[in-house]
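Here is a short report on the packing and backbone of one protein model. Keep the sequence at hand while reading.

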Amino acid sequence: MNPTTPITSLVTDLTEQADYPETGVRNKPLHKDEQTQHSLMCLAAGTTIAEHTSPRNVTLTIVAGQGTLTLEGREIRLQPGVFILMPANAPHALQTTDSTLAFLHSKW
């Protein structure tokens, strides 16, 4: 990002922005620049995201619903209010059960 380019403010209610797909994952971009990316991820019930890594640091903030994150072999229960910091290249996978799931996904 050019240091002379001002950042525009963004205020939004993530629970109102949640838009769940019937199956799979819906990624709703909120902000992106050269250094950061913020998206609202909405998952249908019964969705599985296979183990993968990200070359960037990632945070997850759970907004609604429930699921399980497997991070570096450790199972973490996902529910509203949970915050997770994943370092770059950390193996992780995600699964919802009978609940939809929405979370703020930020990369930097």
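The model is predicted.

**Cores.** The largest nonpolar core has 16 residues. Within this core, L69, L78, I84 and F103 touch the most other members. Elements giving two or more residues to this core are β2 (37-43), β4, β5, β6 and β7. The most come from β4, with 5 residues. In general, nonpolar side chains in soluble globular proteins tend to be buried together.

F103 has contacts well beyond its sequence neighbours within four places. They are S39, L40, M41, L43, L60, T61, I62, V63 and L94. Another core lies apart from the largest one, with 6 residues. Among its members are L40, V63, A102 and L104.

**A buried histidine.** H105 sits in strand β7 (residues 92-107). Is H105 buried or exposed? H105 counts as buried because its relative accessibility is 16%, under the 20% cut-off. Neighbours within four places in sequence aside, H105 contacts Q37, H38, S39, M41, V58, T59 and L60.

Most residues other than glycine have a negative phi. E72 has a positive value, and N89 has one too.

Methods:
Residues are numbered from 1 along each chain as its sequence is written. This is a predicted model: local features need pLDDT of at least 70, side-chain atom pairs count only at pLDDT 80 or more; totals for chains, interfaces and linings use all residues. Side-chain values use heavy atoms; hydrogens and water are left out. Helices (H or I, at least four residues) and strands (E, at least two) are DSSP runs, numbered from the N terminus. Buried means under 20% relative accessible area, exposed over 50%, partly exposed in between (1.4 Å probe, protein chains only). Contact means heavy atoms within 4.5 Å. A nonpolar core is a set of buried Ala, Val, Leu, Ile, Met, Phe, Trp, Tyr and Cys residues joined through side-chain atoms within 4.5 Å.
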